[in-house]
Amino acid sequence: MKFPIEWLKEIIPVSIKNAEIAQILTNIGLEVEYFDKEIIDISIPANRADCASVFGIARELCAAINEKFNVPEYTAIEPDHEMSLHVKIEEPAKCPRYIARIITDVNASAPTPDFIKQRLTLAGYKSISVIVDLTNYVMLETGQPLHAFDLNTIAGKLIVRNARANEEIQLLDDSKCTLTSEDLIIADDNKPLALAGIMGGKDSGISLNTKNVVLECAYFEPTTIRISAKRAKIQTEASFRFERGICSKMQADALKRLTSLILKYAGGKPSITNHVKDQNNLPATKVITLRATRVATVIGHYFENNEIIDILTRLGFGCELISPREINVTVPSFRVDVTQEIDLIEEVVRIHGLNNIAPTPPKAALKFKKHPDAVVELSSMQHALMSLGYAQTINYSFISNALHELFFTPNEKIELINPISADLSIMRSSLVPCLLKVLQYNQNRQIRANLSLKIFETGLKFVKKQDKIEQIQVIAGATYGRLFPKNWADSNQIIDFFDLKQDVVNLFKLSNLDKDLEFKPINGMQGMHPSKTAEIIINGKKVGFIGAVHPEVINQLELKSDVFCFEIEVEFLQNAKSRTFKNFSKYPAISRDIAMLVDYDLPVVLMQKFINETCGELLKEIIVFDVFSGKNIPESKKSVALSLIFQDDQQTMNVEVVNELFASLIGKLQAKFGIELRQQ
Amino acid sequence: MQVEDILNNCLVQIKEAPDLRSLEEIKVAYFGKKGQFADLMLYLKDVPVVDKPRVGQAINLAKEKALSALAERKEILESMVLAATLKAAALDVSLPGRGHALGSLHVINRVEQRIRDIFLDLGFMVASGPEIEDDFHNFAALNIPNHHPARAMQDTFYFADGTLLRTHTSPVQIRQMMNSEPPFRLIAPGRVYRCDSDITHTPMFHQVEGLMVDTDVSFANLKYILNSFLESFFEQSIQTRFRSSYFPFTEPSAEVDMQCTACQGNGCRVCSDTGWLEILGCGMIHPNVLKNCNVDAEKYTGWAFGIGIDRLAMLYYKIPDLRMMFENDLRFLAQF
């Protein structure tokens with residue numbers, strides 16, 4: 001709220017510099033966003049309608065500088081005649097107090113006095129005409145919004161009622177508003193006159209020719225105004241105040257103030273005041289018991305009773321000491337935000353000054369936390385990937401529709417109804433699309449031929465499962481380009497599936513699960529290469545996937561290199577397999593190599609499993625040391641060379657035993673897989 | 001004399017032997033089957049008996065001397081060979097190393113980790129929770145009912161079914177308090193979302209919220225924790241000022257400014273010439289919130305604070321533009 005500083009300084013009892021005013025107000029919760037020699041602009045907290053007025057600010061300022069501010073009292077204005085409008089309130093819950101007063105024979109085209117015009121202008125209001133200007137002036141001064149109707153446009157009585165569905169009104173700003181049955185309006189016998197508490201109607205408004213005015217000064221229930229204003233998408237100075245909750249007792253005084261100003265500057269003959277109220281629906285006066293001991297507990301600072309009473313009194317609260325450390329506090333009607341003891345505690349400490357509370361260290365009992373051995377923290381996984389050369393990225397959790405549809409179907413999408421942009425409207429169901437965008441971004445900014453990119457991210461993926469949305473934490477990585485950066489000592493090799501596979505295995509090594517991994521080829525994953533993708537399986541459960549991104553996706557994203565990626569659900573990396581010592585042999589091992597031609601499509605892991613089963617405990621390790629096809633190899637075959645490491649836990653192995661075992665194995669391999677031995 | 005001559009020749013040759021091969025040849029020439037010392041032994045046969053012991057001794061002595069010299073020379077030559085080999089294997093140690101460089105953690109993660117560590121040291125627990133939340137956990141439980149002005153303060157992303165993206169990490173604390181018994185000491189870092197995008201705001205950012213609930217917890221404690229945290233994080237003494245403010249879930253509430261670290265409070269671009277940076281919001285947890293979490297609001301009091309991680313990262317590392325955090329340019333990432 002913006003207004004001229006001199007107005008404030010005029011009504012407070014002491015002289016004080018502008019800069020000091022700004023600092024004091026800011027410290028007590030009324031943040032001064034701007035001030036200079038002439039104006040001050042204060043941010044009104046959402047729960048303090050009473051501060052949306054010069055009087056309110058003055059009260060706060062005085063409380064902080066140990067003064068009391070008193071709102072001026074106005075004398076009643078005797079009516080000149082008894083003309084009055086009948087006021088009917090059909091919605092007393094929404095409008096428990098409505099005061100109407102007619103003034104006849106005003107000069108609506110009289111000039112607005114300079115000092116008023118100037119104050120309004122500095123506060124950001126346009127000067128319209130004297131009556132309207134004066135209503136704005138009193139609102140700015142007291143915090144009470146008022147409205148003036150042209151009496152001659154009103155047919156019959158004033159009715160405060162709900163609008164009928166689709167009833168329409170043209171407002172003062174020329175906009176046409178279609179009303180609903182929830183909106184409160186001021187109407188006459190025939191038509192709506194104003195959107196109550198928000199904006200008056202154009203037809204019933206004051207013009208320069210107006211002779212007779214009806215002044216409205218009312219209290220409207222805050223939520224009603226808030227809902228209507230939001231629905232109509234209108235925010236006015238009046239609605240701003242009503243929706244935060246103004247004082248429910250100030251209407252008569254504010255109306256007196258306005259009446260006297262109008263009579264003074266626009267002339268006229270005042271009529272009687274028509275004051276309709278519903279006491280049951282008016283907010284009741286609150287009395288709250290404040291325990292001085294509780295203040296000390298919550299704030300950590302001891303306050304004397306009189307310190308507390310002083311502060312609250314200056315703010316307009318009534319205080320009565322009812323026991324050595326208990327005060328009954330009567331809440332003034334303009335403080336709708338104060339409803340419980342804790343609100344009073346805040347009043348005391350904010351005026352005392354938050355910066356005047358000495359910090360003290362808290363005390364608490366020491367407690368041990370669980371630190372299980374077989375749990376791998378996310379940070380360990382992140383550090384492991386960092387050691388393997390990965391750069392961690394952080395991407396927005398929302399992506400574009402197009403990016404989503406590269407990997408998922410349209411009916412899987414989880415869409416925001418109010419995204420910040422179309423590019424950021426779908427919750428990501430995998431982190432991989434975001435990683436691809438990062439690769440694309442960097443590819444376009446660096447010399448491509450030199451690029452060796454490994455990136456990862458940890459975060460939630462959002463997946464539709466039947467009707468529910470699951471939010472699953474995953475760790476995902478993607479690679480692009482060279483295995484090593486361009487360097488005199490490194491090869492020009494391009495990263496491939498098996499480089500990434502080892503990184504995945506290494507991640508699972510943290511959880512002691514690397515030996516339990518199974519990689520099952522999958523050819524139906526959208527967005528992934530059908531023959532270079534695998535599901536990662538542990539104990540029969542799918543925990544993630546790894547593979548090459550589909551060439552079509554690569555194309556669409558204008559990536560210029562193959563991209564490999566993986567994504568694993570963090571839960572399965574976190575729960576490690578517990579470690580127990582396993583004995584290893586102290587006797588020498590014997591190695592036997594076998595090189596063979598096998599069917600091209602035979603997964604080598606099947607042979608490894610078979611060999612392990614066949615050879616039993618004496619076989620300690622199988623090393624796959626050579627796999628190739630092409631030159632000199634028949635088309636439907638590939639060459640696989642394995643080293644078998646034999647070792648006995650109990651004694652030195654007998655070479656004869658190994659030879660026998662080995663020979664028997666070869667026979668079984670030939671029978672089972674149709675292998676052909678190659679020269680060794 | 002013969003012996004002497006032979007010995008002297010031998011010694012000279014040994015001394016002048018340029019390499020191991022020549023030395024080997026000398027060895028053969030003198031000590032081989034047909035070598036000079038072998039000849040001397042033959043000569044000894046013809047020496048008169050009375051002279052034999054003397055001559056024999058002379059020969060043996062000469063042999064010893066020669067052998068010793070040989071061994072010595074051999075050692076010298078071997079070490080020369082070794083030295084030469086070592087020298088020839090010289091590397092240009094200034095060349096770049098091989099293999100991949102160490103990767104990096106994202107700067108926001110680094111800062112989050114530091115903040116976690118600072119609070120873990122004080123016995124705080126770290127909690128996390130869902131990012132798609134419901135109205136209850138994000139607003140209602142925090143004393144923000146429908147039609148409350150505070151909802152406009154936080155522009156929220158919504159889904160068609162009424163769920164939303166959390167606007168702060170407070171829901172995590174609500175969930176934690178509802179699922180266990182006080183006392184609580186916990187922090188909740190994580191991604192939060194607000195419908196906001198300009199030069200200093202991104203639609204997604206990172207927050208850490210902390211809270212402590214116990215039987216003897218006060219605003220004075222909160223001030224202590226926040227001041228100490230800032231000093232710990234920025235590694236220097238930090239002046240703060242607390243301004244009374246309004247949040248629906250704390251009462252009393254405060255916004256905390258810290259003296260601008262870029263200019264030590266003298267005024268600069270970073271702090272818009274004010275000398276102060278608005279750094280966090282905090283307050284005593286509103287009794288209504290404690291009650292919503294089934295915590296006895298008479299027995300327990302608590303404080304809570306919230307701070308933006310991205311902002312802290314920008315201040316600490318002097319990063320000029322928030323949007324860089326989410327562009328993931330490798331030249332940015334690799335710096336941390």
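Colleague: At what angle do helix α5 (residues 107-120) of chain B and helix α11 (residues 309-317) of chain B pack, and how far apart are their axes?

Modeller: In this predicted model, the two helices pack at about 100°, with axes 9 Å apart; the axes are lines fitted to C-alpha atoms over the stretch in contact, with angles running from 0 to 180 degrees between N-to-C directions, and the helices (H or I, at least four residues) and strands (E, at least two) are DSSP runs numbered from the N terminus.

Colleague: What is the orientation of α5(B) relative to α11(B) called, and why?

Modeller: Angles under 35 degrees count as roughly parallel, over 145 as roughly antiparallel, 65 to 115 as roughly perpendicular and the rest as oblique, so the angle of about 100° makes α5(B) roughly perpendicular to α11(B).

Colleague: What orientation do α1(B) and α4(B) have to each other, and why?

Modeller: The axes of helix α1 (residues 2-16) of chain B and helix α4 (residues 52-88) of chain B cross at roughly 0° and come within 10 Å; α1(B) and α4(B) are therefore roughly parallel. Residues including B:Leu7, B:Leu11 and B:Ile14 in α1(B) meet residues including B:Ala62, B:Ala66 and B:Leu70 in α4(B), and the contact divides into eleven nonpolar, no polar and three charged residues.

Colleague: What makes the pair B:Arg243 and A:Glu31 a salt bridge?

Modeller: The rule asks for a side-chain nitrogen of Lys or Arg within 4 Å of a carboxyl oxygen of Asp or Glu, and the two side chains meet at 3.5 Å, N to O. The rule finds three salt bridges across the interface of chain B and chain A, where the side of chain B has 41 nonpolar, 26 polar and 16 charged residues.

Colleague: How many residues are in contact between the chains, and how much area do the chains bury?

Modeller: In chain B, 83 residues are in contact with 82 residues of chain A, and the chains bury about 6,800 Å² between them, 58% of it on carbon and sulfur atoms; this is the accessible area (1.4 Å probe) lost on being put together, summed over both parts.

Colleague: Which peptide bond ends at B:Pro183, and what is its omega?

Modeller: The bond joins B:Pro182 and B:Pro183 and is cis, with omega about 5°; B:Pro183 lies in the loop between α8 (170-179) and β4 (184-193) of chain B.

Colleague: How are these values and labels set up?

Modeller: Residues are numbered from 1 along each chain as its sequence is written, while chains are lettered from A and ligands numbered from 1 in the order in which they are written. Local features need pLDDT of at least 70 and side-chain atom pairs count only at pLDDT 80 or more, whereas totals for chains, interfaces and linings use all residues, and side-chain values use heavy atoms, with hydrogens and water left out.

Note on methods. Contact means heavy atoms within 4.5 Å. Buried area is the accessible area (1.4 Å probe) that two parts lose on being put together, summed over both. Ala, Val, Leu, Ile, Met, Phe, Trp, Tyr, Cys and Pro count as nonpolar, Asp, Glu, Lys and Arg as charged, and the others, Gly among them, as polar.
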